[in-house]
Amino acid sequence: MPFHSYGFILLFLPLALAGFHLLLRLRAPRAALGFVTLASLALYATWDVRYVALVVPLILADLAVAHGMRASAARHPGIARGLLMTGLAINLGALAYCKYAGFFVENLERLTDFDVILHTVVLPIGISFLTFQKIAFLVDVYRGDVEDLDWLRYAGFVLFFPKLLSGPIAYHGELAPQLATLAQPAARNVTAGITLFTFGLAKKVLVADWVAGYASPLFDAAAQGAPLDLAASWGAVLSYGAEIYFDFSGYTDMALGAALLFGIRLPVNFDAPYRASDIADFWRRWHMTLSRFLREYLFVPLSFGTHWLGAASIPFSLLVTMLICGLWHGPRWTFVIWGALHGAYLVVHYVWNRSRRGVRREADVARSPFGPVLTFVAVTAAWAFFRAADVPTALAILKGMAGLNGVAGSLTHSDGALFAAFGALLLAWFGPTTQRIVSYEGPEQSRPSAKARPWIAWTPSPAWAISVGCLFAVCVMRLSRVTEFIYFRF
Amino acid sequence: MIDERLQAALRRVLRLPDLVVDEATQAHDVPGWDSLSHLEVLLEVQREYGVRFRSTEVIRLKSVGDLQALVRAKTQG
């Protein structure tokens, strides 16, 4: 059951909170952690019991590998390395089998005359997110950066339900210390958590689902071969850009808010990405915990590993990293092309910056509106691939965006789509982020730089309580019509 | 003191012929020293001194002084 369901809001969350706080009041923090971990498993099982049967043995395997690495690190580094490879192979193998086996077989069949029979594979929700968190843990243990190998804290870190289904991709080093010192959260954190959860719910239910109502019919029309004119194609991608931002950042706000109710701070995942001044800046603000993982555990090691490529090692590593980033979202060529596009953007940005090194920066374009506008347009064009049903549809939409299908045609949705997209995007461009309204800060490692408080700042006051309560009521009344979170599919 | 070889490597990569750094200098003090040119700096220092860094070692670097200390540890050990 997702966050934006009656079952979660009215049944699961109150029960989980009541049990957790009761056990803390009885001075049994370890039992409280065990309770939340079991509750997380129960929530996972409401989707499919088989998910539990897959994820629990994988957690036990991680722990066995981690203890083995620690025991052998000093005297048998070769064994420790072999164990790391085994642990990575188990986790990546499970992900590859569940998520990519069908894609692989399908493309193999297309290239050859083989006819392979593949049984339908169960794809546990969130496994892509879990796999990266587990990989980071295993690598950190191998590097000797992990002190705490307690089994319950590891299980609690992996399964903690606010981040179980779609991240944020937290590090063990961020969560385990918090899980080791569970305590009744301060009243201010609880109210901030409720506020953040409500803001996230509103982003999803009121904004994301509203703009999706314009984006989806246009993408569907394009998939059926209708040529989208200039207004319709821009309306489609702009409203999708608004949809995916409010959908995923709304989910994340709900995750951070729910975690705060348990006194846990999850890392921040969004920082007004559509205001980014360049494409590298975009990736420091969009799905920040994914780009952080890819940077630290893939891109940097890859750059060092390919140093023999000389000047090409960084562009090569950027491209490979972003291709994998694309494929991580799902086994589809549209995601691969989306990743390749972002990789190409980052390479262009890198080469451009490199050519301008040593040049005086006073008149830098990055400081003019040109940088943010170009970045936004590039990101928006790439969404065409991310959202389209297949590559020909995405190309048709790009053709429309270039004005090759005429300026304004017959499709009636397009004006509404542009209007809705700009309405939502104004918020994303100029509004304060929800995290800054409630002064949310993640665990120390991922804390964004201290910034001035926005013009609208939450305080635990009656006026805010009434406003947030009304917003919550409006959202809850609309729950019966909402759609699934986009990122649950990844 | 920062080695002249290290200074020269930084000047080459960052294309700042007049750059002077000390132990306390951090990347954000120097124009153009962003996360990607930082990687280039590290790859160039590897070449210059004939050493190999592990990605764990370089993630923890905070200043030019840290980088100098890492290079010294590698070349002496």
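Colleague: Why does A:His307 count as partly exposed?
Modeller: A word first: this is a predicted model. The relative accessibility of A:His307 is 26%. Buried would need under 20% and exposed over 50%, so A:His307 counts as partly exposed. A:His307 lies in the loop between α12 and α13 (313-328) of chain A.

Colleague: And what is A:His307 in contact with, leaving aside its neighbours within four places in sequence?
Modeller: A:Ser313 on chain A, and then B:Leu43, B:Gln46, B:Arg47 and B:Arg52 on chain B. Contact here asks for heavy atoms within 4.5 Å.

Colleague: That brings us to the two chains. How many residues of chain B and chain A are in contact?
Modeller: Chain B brings 22 residues and chain A brings 21. Between them the chains bury about 1900 Å², with 60% of that on carbon and sulfur atoms.

Colleague: What makes the pair B:Glu40 and A:Arg357 a salt bridge?
Modeller: The N to O distance between their side chains is 2.9 Å. The rule asks for a Lys or Arg nitrogen within 4 Å of an Asp or Glu carboxyl oxygen, so B:Glu40 and A:Arg357 meet in a salt bridge. The count between chain B and chain A is 2 salt bridges, and there are also 6 residue pairs in polar contact, both residues at pLDDT 80 or more.

Colleague: Which elements of chain B give two or more residues to the side that touches chain A?
Modeller: They are α1 (4-14), α2 (35-49) and α3 (55-59) of chain B. Of these, α2(B) gives the most, with 9 residues. By type, that side of chain B divides into 10 nonpolar, 6 polar and 6 charged residues.

Colleague: Now for chain A by itself. Which domains does the assignment give?
Modeller: Domain 1 covers 6-111 + 123-182, and domain 2 covers 188-489. In contact are 40 residues from domain 1 of chain A and 42 residues from domain 2 of chain A. Their centres, taken over C-alpha atoms, are 26 Å apart. The area buried between domain 1 and domain 2 of chain A is about 3600 Å², and carbon and sulfur atoms give 71% of it.

Colleague: How do you know that A:Arg292 forms a salt bridge with A:Glu174?
Modeller: Their closest N and O atoms are 2.6 Å apart. The cut-off is 4 Å, so A:Arg292 and A:Glu174 pass the test. Across the interface of domain 1 and domain 2 of chain A, the rule finds 1 salt bridge and 17 residue pairs in polar contact, both residues at pLDDT 80 or more. The side of domain 1 of chain A that touches domain 2 of chain A divides into 28 nonpolar, 7 polar and 5 charged residues.

Colleague: What do the buried residues of α8(A) pack against?
Modeller: Against α2, α5, α6 (151-159), α7 and α12 (288-305) of chain A. A:Glu174 is one of the buried residues of α8(A), and so are A:His172 and A:Leu175, among others.

Conventions:
Residues numbered from 1 in each chain as written. Chains lettered and ligands numbered in written order. Predicted model: local features only at pLDDT ≥ 70, side-chain atom pairs only at ≥ 80, totals over all residues. Heavy atoms only, no water. Domains from an automatic or database assignment. Buried area = accessible area lost by both parts, 1.4 Å probe. Polar contact = N/O pair within 3.5 Å; in protein donor to acceptor, adjacent residues only side chain to side chain. Nonpolar A, V, L, I, M, F, W, Y, C, P; charged D, E, K, R; others polar. Buried < 20%, exposed > 50% of the residue type's maximum accessible area, 1.4 Å probe, protein only. Helix = DSSP H or I, 4+ residues; strand = E, 2+ residues; numbered from the N terminus.
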